[in-house]
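Here are my notes for you, point by point. Keep the viewer open while you read.

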Amino acid sequence: MSLMHTSSPHTRAATSTGSVMAWVLLATLPGIASLIWFFGWGVLLNVLFAAGLGVGLEALILRLRARPLGVTLRDNSALVSGVLLGVSLPPFAPWWLILVGMIAAIVVAKQLFGGLGQNPFNPAMVGYALLLISFPVEMTQWAAPHGLFGANAFGLSDALGHFLGIAEPTDAMTGATPLDAFKHKGATVLASEFWATDPLPTGTLNAWQTTALAWLAGGALLLFKRIISWHIPLSLLGAVLVLATLMYASDPSHHGTPLFHLLGGAAIFGAFFIATDPVSAATSRKGKLYYGAGIGILIMLIRQWGAYPDAVAFAVLLMNFAVPFIDYYTQPRTYGHARPNRGIKVLQIDDDEDAT
Amino acid sequence: MADFDFPGGIHPPQRKTLSNRAPLRQAPLPKRVVLPLTQHLGLPAEPIVVPGQRVRTGEVIARAQGMISANLHASITGTVSAIEEHPVPHPSAALGEVRALCIIIDAEPDDQNDWLLMPPLDWRTSDDETLIDRLRESGIVGLGGAGFPTAVKAQVRQRHVIDTLIVNAAECEPYITADDLTLRSYAADVLEGAQLFARLCGAERVLIGIEDNKPEAIDALSQVLRKPAAADIAVELKIVPTRYPSGGEKQLVQLLTGREVPSGGLPADVGVLCHNPGTLLAALRAVRDGEPQIYRIVTLTGEALANPGNVEARIGTSIHELLAFSELQPEHLSRLVMGGPMMGLTLGSGALPLIKTSNCLIAATAEELPPAPPEQPCIRCGACEIACPASLLPQQLYWFAKGREHDKAELFNLFDCIECGACAYVCPSHIPLVQYYRASKSEIRAREQEAHKAEHARHRFEFRQARIAREEAEKLAKREARMKRTPAPPTPSTSSDTTTAQPETASTSADHAAQLRKLKIAQAAAKAAVKKAEKNLARISEARQSDKTELEDMETQLATARENLRATEARLTMLQAKNQEQDQETNPS
């Protein structure tokens, strides 16, 4: 009789990375549905193409790296990266834009660093940041909220035209994002005057706010299923809220309301779906609080003084840099120790020991 | 309910009903027992029987060696057939069968109940010395799993002040119900055993930590507690919520008292002593009935058994026989675990003996404990951190262990990991985290031993050098003295020393003064070094865990310092003598 030898524990919970990622995908559905509902079929094309590219590029690189395909593809992580980049792109994004973004995300940011778990930076945000810097025109041209079936709505064929690059979106179709419009209102224009001029296509603000709430619903699902912990979203949104309130309180005529900052851009989406990417985030619970707050502060700083109207991607990437530092300084107090460890000590190797 | 809490923890399926429905049974007496000489922490016991010798049940067959060790007794009456290497249950059996020296006894066919008992004692009237002697004589070790000799633990008072005795009846691992059945069947005896230990260690209170999934054991305990004896020490029943690993010693101490055992320390460092109910029962029986530890209660469970339950079985019984008693269906058996599914070890076959620390045997089917799915990359999700009861960062430790950055792993408190397996249980990437930690720990230990060896060699070398230097200095001094005593006419052939000394004497006496001062400083330094070495040695030998090699090292260092001092003193006296001589020479002229 010879039986199996294994190291303890001999039993494990029925979880897997694949199912974790599947829950994340499921949680993106309300947000995606809302985006499609307000901004048309282009969003759907973006998401599907980006997700497909994610899987395809991952498979290609795995093949080149001579790694097993099945196990890795089943972890669904490339799919998640694709979906997250897809929803971030403007609804008129042409195919090559998505391709460039996904190559940056999957090939450069993820696989070149060693694949899942090894990437120091959030892949989707690397792709997004690269596109935003390289193709500012395409990336800042957002759609007007004409809806799926409204009078001015463009159909699937229009969307396909934009996607394939054979049709350019007309002025009637495009519109600025609320954050973008508000940022460029001009220093002499007061906030109240600005809003009185009705600067955005009808329903834009409503569309953005509804979408933000849809992301919030997805985020709530992730929290409920314990796929993510509350630390990062809470500290991120808390930091945004506090800073926005302070700014608004100091000068309401030139700053957006706290609610505008929370719901007007990608703050909620970023808080629940981008910043919570476990691979590139801080690991300890305390570290997650610092990490989230750092992103929230950076978002507000860039929105206020930076060149970009919204800043989730840059804020997340900047804080990704800080993660090893945060991790070293936020270790929990281990059982039986008086105080937690701080920082990392390099043990001095004494080469001169024999000489003395 | 518990007044305090510990962080983390998990809720694996309990699977206790498999084995806790049937009452406690007696396993049939084995025809042959295999008794390993090491069933405890510490040095192996020394056999005192020879093959062919007849032994009676309860007779000592191997004696404890050194301070931490335990006696071994014949668990059946019969003839010692061999003292030889035999496969034994061992954590490293995964790397290949582990064999250890065992005493094998074949039962006599007719009379098997010929016991050799010690005289019964009344623990309430016996003094501590007698009781500790009895525990030592009975070979009792901690039955919870570690197997620490109980007699050693009973002397805790020599070094620590204990205020609380904890009876660890949490039994948090899935499947295991041995403590549950022990309490249901012998609640009064266990509590009396607790009183005995509370007296021995000087505790002011006894806390019984038990998970709320054992209502019958709790009932049995409360029934006994309702009629306490007058002289008894206060006992409190603390029912804690079922959560793994609440029965981990450190976790239970935290849960019941709010105290934390310091890193690298013992519960005794915070005034707490923990005992398993089975140990208390065995101790009481050893004292009250004079029975040494020759049997224990063990859970036989798993879906490959048709008739699971708890049995009282003789130590050394073949596991195969026990499983057969529980009607093992060999065709369904895929994994055999000794201990629980979280921390137990797998056995390669049933041809191994039951030892003092085996609390449970799980004969699992392939569906029940399926093989681990393939390991996937860590996504740093932090599920392990939330589950960790020691507040470690398991994923960081994993990266360090995998990258063999052992110094960083140590900085992140790798050695505070209790290997409970909660992190590996929750890991969505199916990473065998505990295995990584064990590998890292053993590499660090091996490296430390290596470093220690080198250090040891260095100290020996330094001692040798110092001795040679001292001998030379003394020789030189002697020769000088001899020459002084026999003032032979200075012929050129007498000594090269004198010829070289000629220009020296010619040189200024300031040179000599400088040399003298230098030597005096060296002498003071050498004296200080000797003092320091003496102090170090005293400190080390006082320390609780005095390592033998460390002691030896310190002794060598002290000897080296003494040699150095002697050498300097010899040189000093020589120089002083020379100076005097010169003074005498120069003054008359």
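1. Two residues count as being in contact if their C-beta atoms, placed from the backbone, lie within 7 Å. By that rule, 57 residues of chain B are in contact with 39 residues of chain A. Elements giving two or more residues to this side of chain B include β15 (335-338), α10 (394-402) and α13 (433-485). Helices (H or I, at least four residues) and strands (E, at least two) are DSSP runs, numbered from the N terminus.

2. A word on the source: this is a predicted model, where local features need pLDDT of at least 70, side-chain atom pairs count only at pLDDT 80 or more, and totals for chains, interfaces and linings use all residues. Residues are numbered from 1 along each chain as its sequence is written, while chains are lettered from A and ligands numbered from 1 in the order in which they are written.

3. How many helices and strands does chain B have? Chain B has 16 helices and 17 strands. Its C-alpha trace spans about 110 × 60 × 50 Å along the principal axes of chain B.

4. Now for contacts inside chain B. Taking those between residues at least 6 apart in sequence, 74% join residues at least 24 apart.

5. Chain B is assigned domain 1 (17-360), domain 2 (384-431) and domain 3 (432-485 + 510-536 + 551-589); such bounds come from an automatic or database domain assignment. The C-alpha centres of domain 1 and domain 2 of chain B are 30 Å apart. Eight residues from domain 1 of chain B and seven residues from domain 2 of chain B make the contact.
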